[in-house]
Amino acid sequence: MNDIYRIANTETGLTQEEIKSALLASLEGRTLKKVLILPPDFTRFHSGAGFITNVYYHALTDAGVQVDILPALGTHVKMTKEQWDAMFGDVPYERMIVHNWRTDVVKLGEIPADFVSEITEGLWSESVAAEVNRLVMDESYDLIISPGQVVPHEVIGMANHAKNLFVGVGGSTMINRSHMIGAVYGMERMMGKDHTPVRRMFDYGMEHFLNNRPILFVLTVTTAPGGNIHTHGIFIGEGRECLTHAVKLAQEKNIDFVEHGLKKCVVYLDPSEFKSTWLGNKAVYRTRMAMADGGELIILAPGVERFGEDDKVDALIRKYGYRGRLHILEEFKKPENADLRENMGAAAHLIHGSSDGRFSITYAVKDITKEEIASVGFNAADYDETARKYDPNKLQYGYNEVDGEVIYFIPNPALGLWINREKFEG
């Protein structure tokens, strides 16, 4: 199949009919009996993958094809019925297969230690096992459709493509080691870029272990001003080229430069999307390159009620806290801290979620005590009081003046990357 690309001519994005026509075109000429779709979960609602999955599901089932849906949860919790309905519409909830990153995977092979050492400049010199959900290797599937959004990402540089497989429906070894390698290499060296060490690992895995599987990537580039999804481009293909083109458009649409470092930045986390600091710390990852030294990041997080997405990771966050890269690497090396070494993804997350003392981070939440917030290394503020001053319903995206003070407001950190142009170009 030839790759299919559609790029919008206006900022409002492609229409649903234009997207649908591209999706249907990608099925032309195929004889299919059984298809597996790997959409992102609700935390990637604004990817537009819900509509894409719905179109494919109905087109295929209407043609008599069996369709199974395996959301690319990674380490996230199972989607609820409410989330499913909001994202996928009338696709039956019963079609969902829940991925378990600890138990549902098969090992495909090893990404060699010498290759990993070369791409990380010697910062990591151990091999990495490539694992995926066993259904990906089930030869009864005639086609595997992998939809999702290409957007700046703290671990890999630009999200999606092979990441949807090796992390989204991947296993603990790859998830943990890829996150740790990204943290050790340095997220600020990678965010918003394509050919990063972690991306090159995933490319290696695709080329060597999944090259014979019938995988169709359906990549979107979106923004969501006011919460409305604008799909600026859709890139459909079976190889790497569709990602290359999507990355170029995402770099244009999803990276915002500010002219000077931000002294005060306020980020709002939609309560339907962000329930944990594990997810909510996108507010830290995506703004850190824009924050001024000594600045303040305020995170309005009315839905955040826990730290980790599961109890084990939650306990690790409570134990070690967000206390900076050097501190976590020190703890990681201690013989008595086997729990941290066995959960490299959590260790990497703790590194990513800290400002390394460069700027302060204040979480304003409703359902975690101030004492608990402070115990993991953040400043704590009362949500209602903070939201009265910095009302997310009144603030405009970008610069605002509040009580004579200039602040920068971001209504959803998951859809972009903010960079201080002064520092970046310097």
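This is a predicted model: local features need pLDDT of at least 70, side-chain atom pairs count only at pLDDT 80 or more; totals for chains, interfaces and linings use all residues.

**Exercise 1. Pairing across the sheet**

Which residue of β13 does V266 stand opposite?

Step 1. V266 stands opposite I298 in β13. The strands β12 (residues 262–268) and β13 are parallel partners, with six bridges between them.

Step 2. Move on to the next pairing of β13. Strand β14 is joined to β13 by six bridges, and these two strands also run parallel. Here E296 has S360 of β14 as its bridge partner.

Step 3. Continue from β14 (residues 360–365) to β15: four bridges connect them, again in parallel. Y363 finds its bridge partner in A380 of β15.

Step 4. Now put the sheet together. It is open and has six strands, ordered β15-β14-β13-β12-β17-β16, with mixed pairing. The edges are held by β15 (379–382) and β16 (398–402); each has a single partner strand, so one side of each lacks a neighbour in the sheet. From one strand to the next, the twist averages 30°.

Step 5. Strand β13 (residues 291–301) is mostly covered, as eight of its eleven residues are buried. The cut-off for buried is under 20% relative accessible area.

**Exercise 2. Two helices against α14**

How do α6 and α12 each pack against α14, roughly parallel or roughly antiparallel? Work out the geometry of each pair, then list the residues in contact.

Solution. A reminder of what to look for: two packed helices are described by the angle between their axes and the distance between the axes.

Step 1. Take α6 (residues 172–185) and α14 (residues 344–352). Their axes cross at roughly 30° and come within 7 Å. Angles under 35 degrees count as roughly parallel, and α6 and α14 are therefore roughly parallel to each other. Their crossing is left-handed.

Step 2. Look at who meets whom in this pair. From α6 come N176, R177, H179, M180, G182 and A183, and they meet M344, G345, A346, A347, A348, I351 and H352 of α14. Sorted by class, this contact of α6 with α14 holds seven nonpolar residues, five polar ones and one charged.

Step 3. Turn to α12 (residues 325–333). Its axis lies 8 Å from that of α14, and the packing angle is about 155°. Angles over 145 degrees count as roughly antiparallel, and α12 and α14 are therefore roughly antiparallel to each other. The crossing of α12 and α14 is right-handed.

Step 4. List the second contact. R325, I328, L329 and F332 of α12 make it with M344, A347, L350 and I351 of α14. By class, the contact of α12 with α14 has seven nonpolar residues, no polar ones and one charged.

**Exercise 3. Contacts of a tyrosine and a valine**

Which residues does Y268 touch beyond four places in sequence, and with which is V98 in contact?

Solution. 

Step 1. Y268 belongs to strand β12. Setting aside residues up to four places away in sequence, Y268 touches L300, P302, Y383, P392, F409, I410, P411, N412 and P413. For a sense of distance, Y268 and V258 are ten residues apart in sequence, and their C-alpha atoms are 18 Å apart.

Step 2. V98 lies in the loop between α3 (81–88) and β4 (105–111). Its relative accessible area is 36%, so V98 is partly exposed. Apart from neighbours within four places in sequence, V98 contacts L70, L73, K78 and D104. V98 and I156 are 58 residues apart in sequence and 24 Å apart in space, C-alpha to C-alpha.

Conventions
Residues are numbered from 1 along each chain as its sequence is written. Side-chain values use heavy atoms; hydrogens and water are left out. Axes are lines fitted to C-alpha atoms, for helices over the stretch in contact, and angles run from 0 to 180 degrees between N-to-C directions. Angles under 35 degrees count as roughly parallel, over 145 as roughly antiparallel, 65 to 115 as roughly perpendicular and the rest as oblique. A crossing is left-handed if the near helix is turned anticlockwise from the far one by less than a right angle, and right-handed if clockwise. Contact means heavy atoms within 4.5 Å. Ala, Val, Leu, Ile, Met, Phe, Trp, Tyr, Cys and Pro count as nonpolar, Asp, Glu, Lys and Arg as charged, and the others, Gly among them, as polar. Two strands pair if DSSP finds at least two bridges between them. Buried means under 20% relative accessible area, exposed over 50%, partly exposed in between (1.4 Å probe, protein chains only).
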